[in-house]
Amino acid sequence: MIFYVERAVFFVLALVALGLELWALFDCVRHKASAFEATGKRTKTFWLALTGGATFVGVISLLGSGGGLFGTIGLFGLAAVVAASVYLADVRPAVKDAGRGGSRNTGPYGPW
């Protein structure tokens, strides 16, 4: 009984992690390369490779959590979630602001 509950928990965690990694990858794809350079972050190619690799590890982890061929990959899965989280928490806000040319909080006479 506990075995099936454990499998279900690992599957749900792997699904959530994969969603986070896919969000980071698709967000990285939609921003311009110049926005990454303008903010002083690493290049778009670097972040695409990192989030793409994280998504790949997430897919393997999801397949393994259901008792598949690969099993759980533990530390690599954790590193993949950390890489996607760093992109979403640090790089995404900076690139998003650089891509639109400033802050949204502007009134008729300037920022407020």
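Which residues of helix 1 are buried? In this predicted model, the buried positions of helix 1 are A14, A17, L18, E21, A24, L25, D27 and C28.

The secondary structure consists of 4 helices and 2 strands, arranged from the N terminus in the order α-α-α-α-β-β. Of the 112 residues of the protein, 29% are classed as buried. Among contacts with a separation of 6 or more, 68% involve residues 24 or more positions apart. The protein exposes about 7,300 Å², of which carbon and sulfur atoms supply 70%.

In soluble globular proteins, nonpolar side chains tend to be buried together. Here, the largest nonpolar core contains 10 residues, namely A24, C28, A35, F36, W47, A84, Y87, L88, V91 and V95. Two or more residues of this core are given by each of helix 1, helix 2 (33–38) and helix 4 (75–100). Helix 4 provides the largest share, 5 residues. Within the core, V91 is in contact with F36, K41, W47 and V86 when neighbours within four places in sequence are left aside.

A nonpolar patch also occurs on the surface, where M1, V5, V9, F10 and L13 together have about 530 Å² of accessible area. One of these residues, V5, is located in helix 1; V5 counts as partly exposed because its relative accessibility is 47%.

A search of the whole structure identified 3 salt bridges. D27 and R30 form one of them, with an N to O distance of 3.1 Å. These two residues are 3 positions apart in helix 1 and are therefore separated by about one helical turn. D27 is buried, with a relative accessible area of 3%, whereas R30 is exposed, with a value of 55%. D27 also meets the side chain of R92 in a salt bridge (3.2 Å, N to O). Because R92 lies in helix 4 and D27 in helix 1, this pair ties together parts that are 65 residues apart in sequence.

D90 lies in helix 4 and K41 in the loop between helix 2 and helix 3 (44–65), so the pair ties together parts that are 49 residues apart in sequence. D90 is partly exposed, with a relative accessible area of 39%, and K41 is partly exposed, with a relative accessible area of 27%.

Terms used
Residues numbered from 1 in each chain as written. Predicted model: local features only at pLDDT ≥ 70, side-chain atom pairs only at ≥ 80, totals over all residues. Heavy atoms only, no water. Buried < 20%, exposed > 50% of the residue type's maximum accessible area, 1.4 Å probe, protein only. Core = buried A, V, L, I, M, F, W, Y, C linked by side-chain atoms within 4.5 Å. Contact = heavy atoms within 4.5 Å. Patch = residues over 30% accessible without salt bridge, like charges linked within 9 Å, V, L, I, M, F, W, Y side chains within 5 Å. Areas by Shrake-Rupley, 256 points an atom, 1.4 Å probe, with all protein chains shown as cover. Salt bridge = Lys/Arg side-chain N within 4 Å of Asp/Glu carboxyl O.
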